[in-house]
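I opened the model to look up how its chains meet. My entries follow in the order in which I checked things.

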Amino acid sequence: MKQFLAFVRKEFYHVLRDRRTLLILFGMPIAQILIFGFALTNEVKDSEILVVDYARDNASQELLTKIGSSRYFNIRQAALSHSEILGAFKKGKIKAVVVFPADFNEDLLHQNKAQIQIITDATDVNTANMITNYLSSIIVDYQNQINQNLEIPYRITPEVRMLYNPQLKGAHGFVPGVMALVLLLVSVMMTAISIVREKESGTMEILLVSPFKPVLVIFAKAFPYLALSLVNVTAILLLSVFVLDLPVKGSVVLLFAESTLFIITCLALGIFISIKTDSQQIAMLISLMGMLLPTMMFSGFLFPIENMPIPLQIISNIVPSKWFYIIVKSIMIKGLGITALWKETLILLGMTLFLLLVSLKSFKIRLQ
Amino acid sequence: MQDDKVIVCEKLTKRFGDFIATNEITFDVHRGEIFGFLGANGAGKTTAMRMLCGLSSPSSGKATIAGYDVYTQTEQIKKNIGYMSQKFSLYENLTVRENIEFFGGIYGLSDERIQSKTEELLQRLGLKTEANKLVGSLPLGWKQKLSFSVAVLHEPKIVFLDEPTGGVDPVTRRQFWDMIYQAADSGITVFVTTHYMDEAEYCNRISIMVDGRMEVLDTPTNLKSSFRARSMDEVFYQLARGAKRGD
Amino acid sequence: MEAVVVKNLTKTYGKEKTVAVDNVSFSVNQGELFGLIGPDGAGKTSIFRMLTTLLLPDGGSAHVDGHDIVQDFRAIRSSVGYMPGKFSLYQDLTIEENLHFFATVFGTTIDENYHLIKDIYVQIEPFKNRRAGKLSGGMKQKLALCCALIHKPTTLFLDEPTTGVDPVSRKEFWEMLRRLREQHITILVSTPYMDEASLCDRIALIQSGKILSIDTPQNIVNTYPDRLLAIKANEMYKLLKVLEGHPGILNSYAFGEYAHATFRDAHTDTHALQVYLREHGLTGVEVKDAEVTIEDSFIKLLH
């Protein structure tokens, strides 16, 4: 036990004395949360919207006030022809144009339906989508408001609903994604690199030729990264609650328990990589290409899995971070408990046990 | 170029912040000379070598290599020198022939020159039958000899050898020195560092660096008599024992 | 009492079965300073790794302190000390932290065995809060030796501890080893430097995985079969060429400021040789009987 503790302390010295490691450990989660969480929502915040109001009636004015009061849009009004609208886009400042037809109120009152044209700059598809969605939901909102006392409802646009994200906060999906990414980097890459470093410097040979059990060497090396990963989970959650205003809807305890499970999956992977490689560069390359890339691609956090071709969807099932991503999202955003997540948890647990078994099997007590 | 001096150094200095790695070293090396460059670890040898090879710009002082200035004409310097070290030798996963052809190409030799040089070299080293083997599969001694031959392939004026014989067996070490003598005989200046003190005796002149300064510079015989030492080993020990710096 | 017994030990690598260690046998007595002398690639590291249970042999057997290197590897691991060739300690830990760490891993404390390392440790103690990465080569070596000694090993394996180290630090290191012998620790050390051989009690000369000779350095030198002459001239390269052309020559090679040469006729007339050399245009000729060194013996064995 004393040996184990000495080992853990030594490992902390390594981490705390290397500026690059520290930066990856603590700078990265913060940067990622801020970039993914903040910057992406900022993009839509205060977007310049040009309104061409041919109607200038009650309904259009009311709706405009509503759009303008949202913190996403800044409204500028101008009376432009269609060709002039194109010119306005080319200047690049405007993210979208909203056109009210001349008889907007008339249509609404007499035909119970009216049209609004939304033109967006689709060079940036994501932003364009988001703006369209936001605008649509504001319109739906307005529609609901004026429909309250009516028997025959007014219809303005097709219904758009934003499930589980009524405040339209883009960061929601990113926090679980960033969590998966950061844990992967810390637990897979840094663990693998730190074990391989000992191989390179010859210290591994000494540790093997010591009374300390070789398997314990590996566990002692992995342990500090488990602790550091949990610190990271805490940091990310604190950031998301206090900086991004995203509360954890479900059980925090369950969230930490599931995170610990995923961290152990990652550590097992990191150990496996370190057993199979002899140089830090290769360990890093395998961790990045083999782990980080699939996580970005297949966890569902950057690209929706439903939209992928079937073979890729199938492949996505073997990526542990996909299951972790689903679990965290469900706990944080939907507030689901273990009863709803036992299936995903079991899959992740199975993967963890499998990886632990494989790395322990391939671990050698000698050099070759 | 004035007379036959191929390396002329005057108060050459390199500072890294407060640390003076190489402190005002002054010396000349003549054409065809075998010049031993000795010093304890951290004495400033590597820094000095880098400046002479045009890889690092001096902080102050003057130096010309094969008549070219180390501040401004580093490209010409690189064309006129060869370099070999214990660490960097050749590409292990290329064959002997591919290595020779590659380095010939790097130095801009014509295809015919490369061809004739390759054949001549394989013949001289007795590597004809091994020409298509991977360099990685050769014994260390052969690698070092091949590596030296490649370093002088383009007939440079000076060849820099950084601990070329480390870990090599005594017979191969002597064959290696045979090659050095041959190169010197054909007019190539040899600038060599070594940890083997018996090899220091094979040099025409030796310099010993201590803590960044060039402490002595003379023939092995003169050095031994002025230090009243039986061997170069003793001379070195007397000088380097007082060193304060390590690497 | 034999601390290390090696019998017909063989090690091959890879699919092509490249032989690294070829049927090697030797034994080392308790408290002996035993040198494995040979160039890179001779198989020294492979032998050390097998004896420290890091590699499995392909043939033969070996015992360290009476323990079999395959069956009883745990017993060996808790009793021996090992300093690998490329060993570089933890660069980002201080001298004290490194030492403390290795002491704890080996289940001991610095205080318990301080007497073993005291002589060496006092030399680096003033810098105990300096990180290992900032130490000079000689100091790193001293620290590495302390770390290998801290658990009071019965047998110490030092794989090329002096490679790449300047002559002054090498001398100091060997002085430390000589002093360690007084602690009755068996020491096996490997080196490519022939001049270090004379500092060992007994040595094995090794080349291409085979042992060429095992004996005390003195005996190896004494049993040199030929008369060895040391010859000097003002032009070394020319001297070597002329000697090569001498009709009676057996072998000749440069040796420091002299050339060493052996002749077929053991009673070669040194005077006639001088005349021969002068006739071939050499100046400053000097011929005398050479003091045979381990390096001469090694060259003879390779020849």
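I began with contacts between chains, taking a contact to mean heavy atoms within 4.5 Å. Of the two pairs of chains that touch, chains A and C have the most contacts. Chain A and chain B are joined by no contact, and their closest C-alpha atoms lie 16 Å apart.

I noted the conventions. This is a predicted model, in which local features need pLDDT of at least 70 and side-chain atom pairs count only at pLDDT 80 or more, while totals for chains, interfaces and linings use all residues. Residues are numbered from 1 along each chain as its sequence is written, chains are lettered from A and ligands numbered from 1 in the order in which they are written, and side-chain values use heavy atoms, with hydrogens and water left out.

I then went to the contact of A with C. I found 29 residues from chain A and 35 residues from chain C taking part. The area buried between these chains (accessible area, 1.4 Å probe, that two parts lose on being put together, summed over both) is about 2,900 Å², and carbon and sulfur atoms give 62% of it. A:Arg17, A:Val209 and A:Arg366 supply 24% of the area that chain A buries against chain C, more than any other three residues.

I counted two salt bridges between chain A and chain C, a salt bridge being a side-chain nitrogen of Lys or Arg within 4 Å of a carboxyl oxygen of Asp or Glu.

Which elements of chain A give two or more residues to the side that touches chain C? They are helix 1 (2-17), helix 7 (174-201) and helix 8 (203-208) of chain A; helices (H or I, at least four residues) and strands (E, at least two) are DSSP runs, numbered from the N terminus. Helix 1 of chain A gives the most, with nine residues.

I turned to chain C by itself. I listed 10 helices and 14 strands. The C-alpha atoms of chain C fill a box of roughly 70 × 45 × 40 Å along the principal axes. Of the contacts in chain C with a separation of 6 or more, 69% are between residues 24 or more positions apart.

Last, I checked confidence in chain B. Its average pLDDT (the predictor's confidence in each residue, from 0 to 100) is 89, and 96% of the residues score at least 70.
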